[in-house]
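Please work through each task before reading its solution.

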Amino acid sequence: MERNSIEIRVWMRRKGIRLVNIQRELEFRTHKTVRATIEGAENNRRVLAWLRDAGCPKKHLALPADMRKVA
């Protein structure tokens, strides 16, 4: 199952969430890790957990197996 970056971005836009919001909350220097995780190039667990906890539909996130158990 692949991460559905388009649906994640649609969800973020509807909720008024920007990459920089996640970046600042997670205290990253830039938004590159957030963007790469949403695009599926990275699997940053902090970003995925943030999205999951914020209410992003899990079916769009393609969570790693160990994170699915917690979800």
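**Exercise 1.** How many residues does the largest nonpolar core have, and which of them have the most contacts inside it?

*Solution.* The model is predicted, so local features need pLDDT of at least 70 and side-chain atom pairs count only at pLDDT 80 or more, while totals for chains, interfaces and linings use all residues. Residues are numbered from 1 along each chain as its sequence is written, and side-chain values use heavy atoms, with hydrogens and water left out.

Step 1. A nonpolar core is a set of buried Ala, Val, Leu, Ile, Met, Phe, Trp, Tyr and Cys residues joined through side-chain atoms within 4.5 Å; buried means under 20% relative accessible area, exposed over 50%, and partly exposed in between (1.4 Å probe, protein chains only).

Step 2. The largest such core has 19 residues, and Ile8, Met12, Ile22, Val34, Ile38, Leu51 and Leu61 have the most contacts inside it.

Step 3. At least two core residues come from each of α1, α2 (19-25), α3 (32-39) and α4 (45-54), helices being DSSP runs of H or I, at least four residues, numbered from the N terminus. The largest share, 5 residues, is supplied by α4.

**Exercise 2.** State whether Thr37 is buried or exposed, and list its contacts.

*Solution.* Step 1. Thr37 lies in helix α3.

Step 1. Thr37 is buried, because its relative accessible area is 0%.

Step 2. Contact means heavy atoms within 4.5 Å. Apart from neighbours within four places in sequence, Thr37 contacts Arg3, Glu42, Asn44, Val47 and Leu48.
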